[in-house]
Amino acid sequence: MRYFTSVSDIGDLSAALREASAIKADRFRYDSLGRNKTLMMVFFNSSLRTRLSTQKAALNLGMNVIVLDVNAGAWKLETERGVIMDGDKPEHLLEAIPVMGCYCDIIGVRSFAGLQSRDYDYSEEVIGRFIKYSGRPVFSMEAATGHPLQGFADIITIEEYKRSARPKVVLTWAPHPKALPQAVPNSFAQWSVAAGYEVVVTHPHGYELDERFTRGAVIEYDQDKAFEGADFIYAKNWSAYAGDNYGKILSADRSWTVDSRKMALTRDAFFMHCLPVRRGMIVTDEVIESPRSIVIPEAANREISATVVLKRMLESL
Ligand code: AN0
Ligand code: CP
């Protein structure tokens with residue numbers, strides 16, 4: 001595997017899930033595969049889980065790791081072409097990327113949507129340039145429109161906890177004080193449909209996601225109705241995708257916060273969230289602390305999804 005930016009890069013999902021469970025049973029099995037190979041992780045945005053779990057995955061495989069926080073100590077990078085660089089950015093991404101490629105074998109990139117222009121964000125310009133100019137295999141650590149390492153970990157988690165062959169999985173919008181990208185819900189919808197689950201997406205009017213990611217899921221505007229009979233509740237905030245409202249917060253309606261009353265409508269569903277999560281906005285303390293909350297095992301599986309992806313990339317070098 002040379003690139004990992006979407007569910008389509010993983011190929012046969014059942015095979016990937018089998019590989020994930022074998023790796024989870026023996027995560028150091030390939031500890032010499034990455035000998036003398038270097039992973040470079042490039043962060044344009046903050047991270048806790050992705051930073052730690054991907055680094056741990058690389059160590060499982062015997063790799064060396066370099067982490068670059070672009071906004072902490074590196075030169076500020078210009079990303080646009082055709083500009084006169086007389087401002088505060090001393091270096092252009094088009095030199096920085098091939099230079100980074102000189103020092104490593106595989107590159108992971110975190111670059112969130114700017115939420116200013118839908119066309120720009122959905123063109124995946126930044127990770128696309130890493131693919132084009134680094135000369136290295138590249139994987140997403142959450143790019144503008146997707147978070148595939150999270151989507152993969154979420155499916156691994158659902159496979160571990162599901163009580164029926166085809167569980168009902170509900171992705172619910174919940175309120176948040178800051179505008180957030182659609183990357184996580186896009187990937188969750190796409191990976192859970194690909195896994196063959198019954199997928200329902202619920203959100204207030206105006207929060208419709210790009211159909212390319214939700215195709216195969218049912219959209220239900222009544223959150224209570226969506227929760228009925230659910231086996232998994234996956235909460236997440238996102239900003240508007242549609243039209244002129246792109247990147248905007250259209251609702252702060254706290255009646256969408258996931259609480260015990262709503263969880264009682266489900267089939268004793270498990271609660272999931274990619275984290276970081278704001279309590280009192282997305283979910284109540286009671287629900288996230290309940291025995292049905294699987295947010296920690298879900299985060300733990302980030303190490304597993306990253307180990308599978310890095311292993312496959314090392315095998316393709
Ligand atoms: C980010 C997001 O919503 O995309 C990262 C989640 C993994 N969340 C925040 O910025 C709070
Ligand atoms: N879930 C996730 O990607 O978390 P971080 O933003 O902390 O990496």
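In this predicted model, a polar side-chain atom of R110 lies 2.7 Å from an oxygen atom of ligand 2. The protein covers 94% of the 250 Å² of accessible area that ligand 2 has on its own (Shrake-Rupley method, 1.4 Å probe).

Stay with R110. R110 is buried, at 6% relative accessible area (buried means under 20%, with a 1.4 Å probe and protein chains only).

A polar side-chain atom of R302 is 3.0 Å from an oxygen atom of the ligand. A polar backbone atom of C274 lies 3.0 Å from a nitrogen atom of ligand 2.

Which residues are around ligand 2? They are S47, L48, R49, T50, R110, H147, Q150, C274, L275 and R302 (a heavy atom within 4 Å). By class, this shell has three nonpolar, four polar and three charged residues. Here Cys and Leu count as nonpolar, and Arg as charged.

A word on conventions. Residues are numbered from 1 along each chain as its sequence is written, and chains are lettered from A and ligands numbered from 1 in the order in which they are written. Local features need pLDDT of at least 70, side-chain atom pairs count only at pLDDT 80 or more, totals for chains, interfaces and linings use all residues, and side-chain values use heavy atoms, without hydrogens and water.

Note on methods
Polar contact = N/O pair within 3.5 Å; in protein donor to acceptor, adjacent residues only side chain to side chain. Buried < 20%, exposed > 50% of the residue type's maximum accessible area, 1.4 Å probe, protein only.
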